[in-house]
Amino acid sequence: MTSDGTHDARGTHATPVPRPAPRPVSPQGGASDVERAISEAGRPAGEAGRAGNGVAPRAGQGGGRAGSGGASHAGNGGHAGTGGGHAGTGGGHAGTGGGHAANGGARSGTGGGHPGRSAAPAGTGAAAHALPPRPTRAPGAPARTEGEEFLAWLRTPRPAAFPGVWRFDHRPRPEQEPEVVPTRQLLSGAVIAFLVGWLVWSLLWNGYLGGWWVVPLELFLPDAWIYTGDSVGNAIVWNAYYTVIALGIMIAVGRVGRWGEVWRRFVVPRLKRPEPPAPPPPPGEDPAEWPKLRAGGAGAAADRLAADARAGRMRDIDVARIARAWRSVRSGNSPLATFTDAVVRDGAAACPHPSGDRDLPARAARHDLATAQVRIGTTVDDPRNPYAYRGAGLALGPDLIGTSLLAVGPAGSGKTGTVVWPLAEALCLQALAGRAAVVVVGAAGAGLGPGDDYDVVVRVGHPDSVYDLDLYGGTTDPDEAAAVLAEALVGDLVDPHPGADSRRSTTVLAQLLGPFHAVHGRFPGVPELRALLDGVPGHLDALRKALQDAGQEVMLRELDARERQLGHPGDPGAILADRIALLDRPAFAAFFDTSGQTTPFSLRALDHPVRVRIDLPERGHADASRILARLVLAQFTASAAVRDDRSLFACLVLDDATGTVTPEAVRRIQRLRSANAGVVMTLRTLDDAPRPLRTPLLGAVGCRMALSGLTPWDGQDFAEVWGKEWTEARDVTDRQIIAETPAGKAVHVLRRVITGQAPTARAVTVRQVERERWSASELAHAVPPGHAVLSLTDVRGEHAPPLLVDLRG
């Protein structure tokens with residue numbers, strides 16, 4: 001577009017536009033793009049950027065330590081073999097016998113947690129197949145000390161988010177999904193807009209559109225400025241005007257062609273430089289300086305804790321434990337001077353758990369004890385999920401499982417490994433921090449964690465079990481003991497309707513437990529209770545004589561009423577005797593003792609931050625296991641409601657709740673929310689619960705999970721409880737346009753190249769329809785393996801719609 005300053009330089013004979021001769025313009029070089037070199041694993045404050053913040057090493061992989069930025073694994077920092085393996089500082093094991101780390105038994109941190117100091121004990125596996133550990137920092141990034149790693153974790157932002165969102169370094173997304181133009185359409189439109197702008201400018205420049213576009217210049221500027229012999233002045237005026245016109249055309253076609261979106265989507269990511277590390281917050285807001293303790297008058301304790309944090313002597317669980325102790329001080333339950341003296345003396349190890357443990361031997365899930373969350377998966381980027389949840393981590397905590405959780409999925413769908421064990425591990429960590437009490441119930445060898453993770457392990461039916469199970473839940477009230485025991489023995493035989501109960505069975509048991517307790521000062525053992533229920537004359541006569549000698553007239557009337565019912569049709573005593581006989585087996589001879597010769601565990605201990613695992617016998621004693629599971633559930637719901645200190649969250653984890661769903665259990669689960677307690681239950685299918693109780697059960701729990709492999713009839717129950725929602729349905733009718741002229745055919749070819757579709761005339765009808773959030777067919781056939789559909793409700797009543805979650809993410 002060069003010219004001689006007077007007429008069109010191309011020799012065309014359209015109306016020429018007077019213009020000055022252009023000044024020589026020096027070429028300009030383009031700036032080179034900067035590629036992003038930092039990865040997610042190296043982001044200083046990211047979820048996956050800290051040592052110990054990834055997934056703990058698996059069995060056979062060895063361990064890794066993030067000390068001074070280094071990482072070691074089986075074969076490098078430790079020894080792998082069939083026996084126990086020993087590692088140096090930061091080393092790890094892989095072997096049958098397990099081993100220990102030479103660094104002193106510190107723990108391996110995961111998720112948002114502080115980096116651990118030793119690897120997780122590994123099971124039997126070949127070290128040759130072990131994968132290298134996850135990198136602890138980006139290539140070339142400087143190594144950081146343990147104190148710096150901990151401070152980075154502590155200062156990582158945790159913004160408020162929707163229920164279930166993993167808050168550690170979460171970056172919120174807008175609630176509504178922005179409209180995204182397809183890439184092909186966007187780029188084609190941008191190129192066409194540029195060509196249109198170029199065409200318009202060429203037509204103007206060459207005078208095909210006339211000289212009207214220079215009229216504003218001639219009207220507003222004097223002729224002496226435009227048509228003079230001063231070539232420099234003319235060039236400045238005319239080039240400035242041309243620039244304004246060109247910019248106007250560029251802005252117009254840029255808006256039409258969405259150049260701004262092209263720039264933001266394709267150019268900005270390549271020019272974006274790594275974000276510099278965030279500066280430390282001011283002292284008054286820095287959590288590492290413990291501002292709440294300073295404001296509350298514990299400045300000396302805050303100084304000691306801040307020094308331990310900088311020196312790397314503090315872990316995430318220490319922060320949670322000391323914060324819990326400080327809340328106790330602020331509520332008036334503990335004196336300030338005692339707290340301050342303990343922290344100044346012991347530092348990060350102050351206010352320990354009764355067991356003395358400061359962490360678990362190993363962690364398998366990702367935890368953030370600052371928010372009491374455990375990450376169980378990632379919300380899938382799927383149109384059925386709300387846009388604000390897509391791609392975000394999904395986590396559970398006491399605020400969600402305080403409404404109870406029910407997970408349903410067939411065997412092998414991942415209930416235990418991806419849901420039950422991470423939750424049990426998180427609750428054990430919360431117990432070590434003094435925040436929770438947890439009871440985990442499952443079959444022996446179900447993969448509910450090593451015994452070292454628990455304070456009490458009750459192995460029912462195993463001769464080497466240190467602890468026994470209290471058959472009566474630690475109560476001394478015969479009526480309460482009878483109600484709990486009746487629920488355990490015959491709760492599944494009660495009419496399966498929400499209004500049914502086991503009052504008759506409770507009365508029968510109370511008529512025997514009361515007199516026995518009045519005479520002996522304890523409740524009967526299993527053999528004694530079986531004999532009383534069977535009506536063995538010797539036992540009843542001896543009990544009657546003892547009551548007469550003690551002058552217990554009221555209890556004599558109870559025993560007389562029981563004797564009158566013996567042998568009558570419909571007497572519940574026969575069924576109770578048959579059920580208690582399942583526990584009167586040689587394998588259980590050393591258990592359920594009431595004479596004081598064993599160490600029974602009672603669920604009255606939920607006032608303390610205990611970690612309990614109860615292993616139920618499965619092989620050959622399936623019916624007895626179901627009775628014991630109902631017994632533990634009944635005792636838990638009864639004990640959680642009468643606790644003195646409800647600030648401690650109590651949770652019961654039932655790995656297999658088959659046979660435990662009864663009308664009374666459903667009613668009691670509904671009342672747990674107000675007692676700061678919850679239940680986590682799993683079922684292989686809803687057929688394991690009576691049909692009349694399926695809908696009440698799904699309504700009693702606040703969190704419902706349907707794993708992959710669900711049957712359509714189970715999916716129907718979930719679809720009904722999740723309800724329907726109003727959606728926008730679009731009915732599109734396309735009518736193909738047939739071109740009859742060569743020009744029309746050429747336009748159609750161009751349109752097909754740009755859009756990738758045949759030219760059509762489209763008619764769109766938009767209407768609002770009510771559809772199921774997830775249909776039974778979708779739940780049965782559209783949930784991929786390793787995924788689940790999960791709806792959440794927290795204790796405040798906020799809820800999340802059903803979300804498709806990748807439990808492997």
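Predicted model: local features only at pLDDT ≥ 70, side-chain atom pairs only at ≥ 80, totals over all residues.
Student: Let's start with the whole chain. How many helices and strands does the secondary structure come to?

Tutor: The chain has 809 residues, and 47% of them count as buried. Among contacts between residues at least 6 apart in sequence, 73% join residues at least 24 apart. As for secondary structure, the total is 24 helices and 20 strands.

Student: Now a pair of helices. Are α13 and α19 roughly parallel or roughly antiparallel to each other?

Tutor: Helix α13 covers residues 478-490 and helix α19 covers residues 622-640, and their axes are 7 Å apart. The angle between them is about 150°. Angles over 145 degrees count as roughly antiparallel, so the two helices are roughly antiparallel.

Student: Which residues of α19 make that contact?

Tutor: The crossing of α13 and α19 is right-handed. From α13, the contact uses Val 484, Leu 485, Glu 487, Ala 488 and Leu 489. From α19, the contact uses Ile 627, Arg 630, Leu 631, Ala 634, Gln 635 and Ala 638.

Student: Which residues of α22 make the contact with α21?

Tutor: α21 passes α22 in a right-handed crossing. On the α21 side, the contact is made by Arg 691, Arg 694 and Leu 698. By class, the contact has three nonpolar, no polar and three charged residues. On the α22 side, the residues are Asp 717, Phe 718 and Val 721.

Student: Let's look at single residues. Is Tyr 472 buried or exposed?

Tutor: Tyr 472 is found in the loop between β11 (468-469) and α13. Residues under 20% relative accessible area count as buried. Tyr 472 has a value of 4%, so this residue is buried.

Student: How many Å separate Tyr 472 and Phe 523, C-alpha to C-alpha?

Tutor: Leaving out residues up to four places away in sequence, Tyr 472 touches several residues, including Leu 485, Phe 523 and Gln 635. Leu 485 and Gln 635 also take part in the contact between α13 and α19. Along the sequence, Tyr 472 and Phe 523 are 51 residues apart. In space, C-alpha to C-alpha, the separation is 8.0 Å.

Student: What is the relative accessible area of Gln 511?

Tutor: Gln 511 has its place in helix α14 (residues 503-520). Beyond residues up to four places away in sequence, Gln 511 touches Glu 558, Leu 559, Ala 561, Arg 562 and Gln 565. Gln 511 is buried, with a relative accessible area of 5%.

Student: Which residue's side chain is joined to that of Arg 375 by a polar contact?

Tutor: Arg 375 is found in strand β6 (residues 373-379). Arg 375 is buried, with a relative accessible area of 13%. A polar contact of 3.1 Å joins its side chain to that of Thr 378.

Student: What is the phi of Asn 676?

Tutor: Most residues other than glycine have a negative phi. Asn 676 lies in the loop between α20 (663-670) and β15 (677-683), and at 27% relative accessibility this residue counts as partly exposed. Asn 676 is not a glycine, yet its phi is positive, at about 55°.

Note on methods: Residues numbered from 1 in each chain as written. Heavy atoms only, no water. Axes fitted to C-alpha atoms, helices over the stretch in contact; angles between N-to-C directions. Helix = DSSP H or I, 4+ residues; strand = E, 2+ residues; numbered from the N terminus. Parallel < 35°, antiparallel > 145°, perpendicular 65-115°, else oblique. Left-handed = near helix turned anticlockwise from the far one by under 90°. Contact = heavy atoms within 4.5 Å. Buried < 20%, exposed > 50% of the residue type's maximum accessible area, 1.4 Å probe, protein only. Polar contact = N/O pair within 3.5 Å; in protein donor to acceptor, adjacent residues only side chain to side chain. Nonpolar A, V, L, I, M, F, W, Y, C, P; charged D, E, K, R; others polar.
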